[in-house]
Amino acid sequence: MEAALDRAGLIYGLAGPADATAAAVVLQGTATDVERLTALAGATAPARALVVPDPLRFLYLSRSHVGRRWFVRSIDGETEPATFGDALYAVEQLTLGAHERWSEPPLLVGHGQGGELALALAAIVPERLAGVVALDATLPVVPGWERPACDAGGLPVIVLPGAHETAAIERTRAELAAIGARVTVAPSHGQAEALGPALDEPLASWWAAAGSG
Amino acid sequence: MAADTTQPLDSKVSRRSLLAAAGAVAGGAALAGAPRVARAAGRSFDAEADVIVVGGGGAAFAAAVGAAQGGTRVLVLEKAAAIGGTTARSGGAYWIPNNHVMRREHGIRDPKDPAVALMARLAFPSVYDPEAPFNGLDQFSHELISSFYDLAPVVIERMERAGVFRSEIAALLPTQNATDGIDWTHPEYHAELPENKAPYGRTLHPVGSEGGGGGSLMTGLATFARRQGVRVLTNQHVVQIATNSKGEVVGVQAQTPDGERLYRAKRAVVFGTGGFTQDRSKVMNYLRGPIFGGCAVPTNTGDFIDMATQLGARLGNMRNGFFVQHVLEQALSNSSVVDDLWIPPGDAMVMVNRYGVRVASEKTPYNEHTQSHFVWDTTRSEYPNLVQFFVYDDVVANDPMQAYGMPIPAPGRRSPFVISGQTIPELASNIQQRLDRLRGRVAVNGAIGPDVKLADGFADNLARTIERFNSYARDGRDPEFGRGSTPIQVSWGGPRRRGNDKNPSMYPFAGSGPYHCILIGGGTLDTNGGPVVDANGRVLHVSGQPIRGLYGAGNCVASVAGQAYWSAGGTLGPGITNGFTAGENAAGEAEKEV
């Protein structure tokens with residue numbers, strides 16, 4: 001029954017209601033409290049099953065980042081294209097697998113690097129998604145790579161800025177809006193990075209409105 | 001029949017375009033359209049430096065730091081969009097014999113003669129003889145090892161004094177067992193050998209990088225280099241070495257997003273461009289055993305081999321690599337391998353070949369263990385251990401301490417790589433189905449899913465193997481392969497299970513299923529063959545004379561370590577030592593006319 005999800009080659013766990021008819025894919029970042037992110041995804045979309053993959057790579061990057069992460073960010077802060085490609089492909093396959101498994105497009109809920117992958121997929125396979133929640137993340141810029149052309153067809157996307165510069169948030173909003181996504185940039189609660197409890201209610205309200213729209 | 005979970009769905013993610021963005025262009029392909037050797041005379045240069053360093057990982061930046069002293073102008077040219085190379089993805093440890101931390105802080109002596117003998121034995125075991133001149137090695141190889149012993153501690157201490165990075169000895173983690181009463185550091189991988197007089201303390205890592213930290217090491221090197229005025233350019237795919245009429249190296253030619261560039265090096269060029277793991281043709285032609293992938297960044301396509309051989313460079317150590325095992329399906333599904341088996345966890349666990357028999361101690365360190373895949377069966381004309389089957393019981397699968405690491409997923413997590421069966425015959429049947437699905441699959445790195453079939457009688461043999469293993473576990477002794485008989489196998493082999501007062505690396509399998517299996521293949525951290533360099537880092541011509549103005553270090557040149565991985569940090573120890581030395585000597589070269 002989980003065969004469709006296995007194709008992605010990712011290690012994952014399942015949570016949420018067993019009789020769900022749709023899923024959310026919960027994409028953690030490098031130092032994410034994954035239990036809290038999973039709970040937040042559950043609060044956002046309580047009727048959905050939750051698919052919670054481990055980030056793809058084991059890396060030693062610095063004292064605070066020994067462990068799993070999705071892709072390599074260079075010591076100069078650039079997104080490394082090959083590892084980003086591996087991660088994007090794996091998460092795309094998991095998303096398509098969740099669509100096949102529950103016969104409904106999944107909601108993506110991502111934090112940090114997980115949020116970046118979710119936003120990138122919003123601009124690549126929007127027709128296979130129900131919506132995107134991106135916490136403490138902006139649309140990634142990958143040196144030497146251009147996303148393929150795409151029509152997002154009204155896909156609901158909410159961006160909750162963390163410590164990002166206003167310019168990066170605005171670029172994210174503008175680029176996604178330009179391909180037809182319905183983008184909401186939530187006012188900064190100062191909680192997106194830490195996944196604070198104040199996020200539950202606004203996200204649930206956003207999804208209650210956007211998810212049915 | 002169940003759906004084929006190994007078959008991907010239609011993707012809109014163009015991995016090729018992302019790989020191209022990563023700079024993963026094979027050297028040979030780019031060279032085909034370029035002139036044989038770039039002649040520098042009469043051409044204008046796009047930029048000039050005293051020393052040009054090609055590459056952007058640990059060896060390259062150590063070379064940049066070594067060169068950028070006393071006002072020497074250094075230009076670093078990196079093929080990828082970002083610096084860091086494979087070093088930035090690594091554990092960041094470096095193996096330094098007789099280092100200042102072990103001497104001063106722990107009072108450990110590491111005398112030269114036995115240390116050199118230990119390195120010689122492991123590097124060239126087929127000719128090693130402790131009584132023979134040069135320990136049985138050729139004089140050149142022995143002198144390289146001897147020089148490494150002399151240089152390594154000096155270089156690391158100089159780096160520390162200059163403020164590049166400080167070093168500390170790699171310490172045990174809570175899940176690792178202390179041995180021989182030493183409870184503060186890892187044992188060496190070959191602590192038990194009689195030549196090893198300092199089996200604790202040679203493996204260092206940067207201070208402040210808990211459990212390793214290649215990112216910390218790279219940050220230290222690159223930050224210091226830039227502070228010294230080193231100029232760093234990325235997206236520079238160097239494809240040719242430029243020479244003058246005397247055949248001296250005076251620059252390089254690079255392909256860049258803005259077109260071709262010619263850079264002038266007034267004194268010398270140092271290469272630190274990594275191995276050839278990501279060039280399948282070179283892997284197939286040079287390595288002495290079959291591998292399915294590696295940890296090296298996608299730009300590690302052995303470009304220096306293509307360029308230096310045009311200048312007549314002598315090649316060495318081409319058959320070897322720093323080997324490691326991977327989950328086969330991960331190697332077949334990613335551009336570079338995402339994780340590796342260091343020393344695999346699990347006490348009720350065996351690794352068997354397609355006949356269902358064990359082939360090695362499962363707890364030997366990665367470089368040694370991987371070579372068990374390379375065994376050739378002379379009667380059957382096959383690699384019987386090409387794919388190995390990592391089999392463990394459900395107690396290990398559900399014990400958070402036993403299943404603490406790669407490749408066993410944490411309890412409760414679902415891993416697509418884990419094949420399960422209620423009984424051994426059911427497990428065998430499921431393994432064969434998985435093998436059939438992987439067969440012929442072409443991976444994004446060019447590797448191909450192997451044609452492997454479980455032999456008739458695999459399930460019966462595996463059951464007998466487990467029965468025999470159980471009796472070894474009860475005795476605490478593995479008479480076939482000596483599992484758990486060396487310090488490293490105990491220290492890194494996993495935690496001791498409660499109630500096991502014998503050999504902690506073994507425990508009898510549960511009498512009933514389910515049982516689990518993960519497919520394991522051979523791979524590399526990276527290869528380590530290439531142009532031969534002398535102890536000064538100078539690249540040698542086939543005549544034995546240095547090619548003037550050309551230096552190399554790290555995994556792009558013939559490793560001083562031969563076929564060895566001396567211990568943790570065995571890649572970066574020589575890479576940083578010889579990189580720094582090559583950079584310093586390059587800066588001391590005379591200026592060359594164009």
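How many of the residues of helix α4 (residues 113-122) of chain A are buried? In this predicted model, the count is 10 of 10, and the helix is mostly covered. The buried residues of α4(A) include the polar A:Gln113 and A:Glu116. They also include the glycines A:Gly114 and A:Gly115. A:Leu117, A:Ala118, A:Leu119, A:Ala120, A:Leu121 and A:Ala122 complete the set.

Elsewhere in chain A, A:Gly196 was examined. This glycine is located in the loop between β9 (182-185) and α6 (200-210). Its relative accessibility is 8%, so A:Gly196 counts as buried. Leaving aside residues up to four places away in sequence, A:Gly196 touches A:Arg36 and A:Gln191. A:Ala177 lies 19 residues from A:Gly196 in sequence, and the two C-alpha atoms are 27 Å apart in space.

In chain B, helix packing was examined for α5 and α6. Helix α5 spans residues 112-123 and helix α6 spans residues 139-162. Their axes are 10 Å apart and form an angle of about 130 degrees. The crossing of α5(B) past α6(B) is right-handed. From α5(B), the contact is made by B:Lys112, B:Ala115, B:Val116, B:Met119, B:Ala120 and B:Ala123. An α-helix has 3.6 residues a turn, so residues three or four places apart point the same way. From α6(B), the residues met are B:His142, B:Ile145, B:Ser146, B:Phe148, B:Tyr149 and B:Asp150.

B:Val65 belongs to helix α3 (residues 58-67) of chain B. With a relative accessibility of 4%, B:Val65 counts as buried. Its contacts, not counting residues up to four places away in sequence, are B:Met159, B:Val164, B:Leu221, B:Phe224, B:Ala225 and B:Phe580. B:Gly440 is 375 residues from B:Val65 along the chain, and their C-alpha atoms are separated by 46 Å.

Over all chains, the whole structure holds 21 aromatic pairs. One of them joins B:Phe323 and B:Phe374, with ring centres 5.0 Å apart. The planes of these rings stand at 80 degrees, so the pair is edge-to-face. B:Phe323 is part of strand β12 (residues 321-327), whereas B:Phe374 is in the loop between α11 (366-370) and β14 (388-393). The pair therefore ties together parts of chain B that are 51 residues apart in sequence. B:Phe323 is buried, at 0% relative accessibility. B:Phe374 is also buried, with a relative accessible area of 10%.

A second pair is formed by B:Phe389 and B:Phe458. Here the ring centres are 5.7 Å apart and the planes lie at 70 degrees, so this pair too is edge-to-face. B:Phe389 lies in strand β14 and B:Phe458 in helix α14 (residues 458-475), so parts of chain B that are 69 residues apart in sequence are tied together. Both phenylalanines, B:Phe389 and B:Phe458, are buried.

Ring pairs also build a cluster in chain B. Its members are B:Tyr189, B:Phe322, B:Trp342, B:Tyr366, B:Trp492 and B:Tyr565.

Two arginines in chain B were found over tyrosine rings. The charged end of B:Arg380 sits over B:Tyr355, 4.0 Å from the ring centre. For B:Arg497, the charged end sits over the ring of B:Tyr507, at 3.9 Å from its centre.

Notes
Residues numbered from 1 in each chain as written. Chains lettered and ligands numbered in written order. Predicted model: local features only at pLDDT ≥ 70, side-chain atom pairs only at ≥ 80, totals over all residues. Heavy atoms only, no water. Phe/Tyr/Trp six-rings, centres within 6.5 Å; stacked < 30°, edge-to-face > 60°. Helix = DSSP H or I, 4+ residues; strand = E, 2+ residues; numbered from the N terminus. Buried < 20%, exposed > 50% of the residue type's maximum accessible area, 1.4 Å probe, protein only. Lys NZ or Arg CZ within 6 Å of the ring centre and 35° of its normal. Axes fitted to C-alpha atoms, helices over the stretch in contact; angles between N-to-C directions. Left-handed = near helix turned anticlockwise from the far one by under 90°. Contact = heavy atoms within 4.5 Å.
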